[in-house]
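User: I'm new to reading protein models, and I'd like to know where the descriptions come from. Can we go through this one together?

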Amino acid sequence: MNALLAAEGLSLHFGGVAALSDVTLEVPEGSLLAVIGPNGAGKTSFFNCLTGYYRPNRGSVRFAGRDITRLPPDQVAALGIRRTFQNVRLFPRLTSRENVLAGAHLRATSNLVAMLLGTPALRRQERLLAEEAEHWLAYVGLAGRGDVLAADLPYGMRKRLEMARALIAHPRLLLLDEPAAGVSSVEREELADVVRRTWESGVTVVMIEHDVELVMRLASTVAVLDRGRLLVQGPPEPVRQDPRVIEAYLGRRQR
Amino acid sequence: MSWNVVVPDIVAGLFLGAFFALIAVGYSMVYGILRLINFAHGDFYMVAAFVSYTLLALVTVGTQVNWGNVIWVGVVTMLAAGVLAVVAERLVYRPMRRAAVLSLMIAALGVSQILENGVLNTPGWGSNYLPFPVTPPGNGFDVASVHYTWLQVAIVLTAAVLVLAVHFIVNHTMLGTAMRAVAQDRVAATLMGVNTDRVISLVFFIGGALAGAAAVTASLYYGQINYLMGFSIGLQAFTAAVLGGIGNVAGAAVGGLLLGILESVGTGLVGAQWALMFAFGALVLTLWLRPTGLLGERVGQRV
Amino acid sequence: MRSWRAAAPGAAVALAGAAVFPLALGSTYVTSVAMQVEILMCLALGLNFVVGYAGMLDLGFAAFFAIGSYTSGLLAVDAHWPVLATLPVAVAASLLGAVFIGTPTLRLRSDYLAVVTLGFGEIIQNIVNNLNQTGGPEGIYGIPPLSVGPLTITSTTGYYYVFFVLVVLFVAVSYRARRSRLGRAWLAIREDEDTAYAMGIKVRRYKLYAYMAGSVLGAVTGTFYGSAFVAIAPPSFGFNESLLVVMAVSMGGMGSIWGALLGAGAVVAFPEVFRQFAQARLLVFGVALVLVMVLRPQGIWPEEGLRLGRLKQSARRATRQLTHWASARLGAR
């Protein structure tokens with residue numbers, strides 16, 4: 001199976017702190033990779049390197065064979081990579097629908113004259129996009145909430161809205177940063193369901209998660225980061241039982 | 001362009017730079033601690049000038065300088081300016097601590113308008129250029145056939161002492177450490193037991209006091225005050241702060257001196273009406289080529 | 001604009017009323033004030049692209065107003081061009097200025113950008129004030145009236161209608177832009193610039209677009225301004241003017257078309273209504289500005305709609321703070 005995304009020798013440090021040390025990992029196309037590890041392991045920094053928010057000090061990132069290491073975030077997004085954020089970054093004073101539509105930016109026309117004149121073609125495209133936005137809102141369970149301001153949504157719904165915003169772009173690769181963190185068990189199930197359905201529809205997913213049970217259930221491969229280094233990557237069950245992983249989470253028994 | 005012409009311009013620039021430095025330090029400190037460009041800062045300077053004007057007018061007979069009067073008026077003015085700054089902080093900036101930057105800046109503009117138009121509408125002040133009640137003596141000394149007065153020396157010394165004092169406070173005292181902590185991470189500072197509200201108010205007070213000192217000395221030097229004097233010097237002081245590196249005292253001081261020299265030499269060449277051009281040009285160039293300024297921290301640009 | 005449909009009948013009535021009232025009222029004074037309201041509305045709608053949609057504080061918007069006015073005025077007076085013909089040149093000059101200033105500076109943080117735009121406004125005013133070609137401190141006079149076909153417009157009422165058309169046009173353009181991917185991109189940038197990148201939005205380019213859009217509207221307004229007043233001079237294009245436009249947009253409601261119109265109306269109408277306070281007008285404005293920013297930073301009629309609930313909440317909070325403050329003063333004895 002081809003690697004859709006390949007990170008090689010990724011190293012990132014801030015002053016004296018090494019956020020990532022020589023991380024090499026591959027994401028096969030069509031897989032669901034879970035990235036786990038203790039807090040501060042560098043998981044979000046990893047995402048930031050992949051998406052152009054941080055520039056790694058060493059190493060490279062390739063997407064579908066193409067080097068994207070030095071690309072700014074908007075160009076990374078244009079290649080079909082979307083992400084959600086650990087602390088849910090929505091556009092607060094826009095409605096849910098407008099948030100989702102913002103995600104469709106690259107799919108809307110950029111014809112200035114048409115926009116100013118409000119040509120029938122433009123109106124039709126806008127209408128179709130609006131319908132699709134409704135579809136994605138329903139997909140994540142937010143049907144009927146299109147007119148609610150994002151700032152007014154409860155936390156669990158905000159996480160789902162962020163996903164809808166990413167999905168309307170029809171991404172090839174979806175990066176989810178702790179999609180199920182901080183929500184009730186009911187909502188966790190709903191979110192997990194959305195993730196699973198998305199993956200089943202052919203999107204390659206990379207997911208940072210702490211919830212081990214969720215990871216075991218959904219992931220096809222698991223990668224473990226600890227203090228900036230990749231400990232191990234492999235199928236879920238063997239990784240879970242790997243002593244190095246256990247030690248990373250629980251610490252070494254003191255003699 | 002002979003040396004004889006440029007050198008006096010450079011020296012004149014140093015005096016101008018002294019005023020810029022005093023105001024720039026205040027700007028820089030407030031920006032460092034709140035990430036706010038306080039557009040009203042120049043107007044603290046202006047109000048202070050009017051306060052010192054009124055006080056001096058009250059106690060002065062004739063136009064002879066009584067240095068004792070000047071000194072205590074100066075101190076009182078500094079205190080008043082500091083208090084004014086704190087009042088603005090408490091009433092306007094503190095309630096808006098969590099508001100969007102845009103709204104904060106507009107609020108600062110509002111404060112600026114209140115101060116400017118407040119002075120404009122106060123009986124006895126108004127819109128005309130008011131001559132300062134005292135005329136400082138012109139006695140001094142001559143260097144290379146240019147006359148320098150003791151007043152000028154006193155001004156530079158005062159500015160230097162004040163700036164050094166602030167630099168000392170910020171870098172070598174517990175209070176200064178608290179200020180720098182709040183500037184870097186307000187929440188963490190709170191967790192360390194720092195009363196951030198009080199620290200922020202103190203920073204405003206110091207900035208205001210320095211502006212007050214600049215006001216008294218500038219009014220003595222230029223001999224007249226006007227309700228719009230804060231606006232243009234505020235812009236120039238901000239440029240100085242950016243030039244030297246915003247967020248630190250030494251940077252503001254260096255930036256102030258540099259800008260003073262730059263403007264002085266420049267206007268000597270092309271005329272006084274283009275003074276602001278030099279400031280603006282310096283600002284844009286600095287932000288474009290070396291956003292950190294000469295001595296400063298990184299200016300917020302995208303990663 | 002969510003409130004659009006609800007407001008439509010009211011808007012239609014207002015529009016009809018506005019269209020008829022100069023003829024009905026017959027007072028030149030009121031008409032001229034109304035015309036000034038319209039001019040500020042046009043400028044506010046222009047600035048709304050920059051401040052309201054893209055979230056960038058521009059404190060030198062008068063510069064584009066000036067560039068448009070002076071370019072048009074100079075061509076009309078010195079080269080005898082018909083006013084309408086000067087329009088594209090004025091717009092081009094303004095766009096050039098926007099690109100020249102905007103390209104190196106729009107990537108700056110909003111606070112630095114504010115000062116740079118302020119500087120730009122000051123520089124432009126400085127230039128037109130000091131150059132002989134632009135008439136120096138006296139400016140340009142004898143600007144010919146606007147001719148549209150056989151019609152030459154010379155009366156205040158006539159120009160009332162000219163700016164009326166402009167306001168309607170600008171509202172339409174703002175509305176269309178807002179409802180397109182352009183508007184959505186701008187708002188995304190305003191709300192969360194870093195996340196906007198993740199949507200594939202080329203942030204720097206779109207910021208420049210907003211700045212350019214504002215400059216076009218400012219220049220168009222400036223062109224007709226010259227004809228309406230026959231003479232233009234530097235004092236009309238300074239920081240105070242830029243500030244008035246900023247006040248109109250920010251107090252009226254950030255990012256909302258209604259807000260811009262409302263703000264412009266308030267800013268012009270208020271001193272006319274309270275004439276005895278003319279001198280203290282700006283002082284009152286300053287207080288009003290601060291109050292609005294502290295209590296309702298999004299403006300009176302922002303994008304999200306009137307949301308009176310929040311207004312009541314702000315009012316309640318303000319009274320609570322006041323009584324708390326007062327009792328602390330009096331009680332602490």
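Analyst: Here is a short tour by question and answer.

User: How do you know how much confidence the predictor has in the complex and in chains B and C?

Analyst: For the complex, the predictor gives an ipTM of 0.91 and a pTM of 0.87. Chain B has a mean pLDDT of 86, with 95% of its residues at 70 or more. For chain C the mean pLDDT is 87, and 92% of its residues reach 70 or more.

User: Which stretch of chain B has a pLDDT below 50?

Analyst: That's residues 299–303 of chain B. Beyond near neighbours in sequence, this stretch has 13 contacts in the model. Where pLDDT is low, the predicted coordinates should not be read in detail.

User: How many residues make the contact between chains B and C, and which helix of chain B gives the most?

Analyst: There are 34 residues from chain B and 34 residues from chain C. On chain B's side, helix 4 (101–121), helix 9 (229–244) and helix 11 (275–289) each supply at least two residues. Helix 4 of chain B gives the most, with 14 residues. By class, chain B's side has 24 nonpolar, 9 polar and 1 charged residues.

User: Now chain A. Why are strand 2 and strand 5 of chain A said to be at the edges of their sheet?

Analyst: The sheet is open, with 4 strands in the order 2-1-4-5 and antiparallel pairing. Strand 2 (17–28) and strand 5 (66–67) of chain A each have a single partner strand, so one side of each has no neighbour in the sheet.

User: How do you know that strand 4 and strand 5 of chain A really count as a pair?

Analyst: Pairing takes at least two bridges, and strand 4 (residues 58–63) and strand 5 of chain A have 2 bridges, so they qualify. One bridge partner of A:Phe63 to look for in strand 5 of chain A is A:Arg66. Strand 1 and strand 2 of chain A pair over 8 bridges, with A:Ala7 opposite A:Leu25. In the hairpin of strand 1 and strand 2 of chain A there are 2 residues between the strands, and A:Gly15 takes a positive phi near 60°. Strand 1 and strand 4 of chain A are joined by 5 bridges, and A:Glu8 stands opposite A:Ser60.

User: Which strands are at the edges of the 6-strand sheet in chain A?

Analyst: Strand 6 (81–83) and strand 10 (229–234) of chain A, each of which pairs on one side only. This open sheet has the order 6-7-8-3-9-10 and mixed pairing, and the twist averages 15° from one strand to the next. At one end, strand 9 (residues 221–226) and strand 10 of chain A pair antiparallel over 5 bridges, with A:Asp226 opposite A:Arg229.

User: Which strands of that sheet does helix 7 of chain A lie across?

Analyst: Helix 7 (residues 185–200) lies across strand 3, strand 7 and strand 8 of chain A, at about 150° to strand 8.

Definitions and conventions
Residues numbered from 1 in each chain as written. Chains lettered and ligands numbered in written order. Predicted model: local features only at pLDDT ≥ 70, side-chain atom pairs only at ≥ 80, totals over all residues. Contact = placed C-beta atoms within 7 Å. Nonpolar A, V, L, I, M, F, W, Y, C, P; charged D, E, K, R; others polar. pLDDT = per-residue confidence, 0-100. Axes fitted to C-alpha atoms, helices over the stretch in contact; angles between N-to-C directions.
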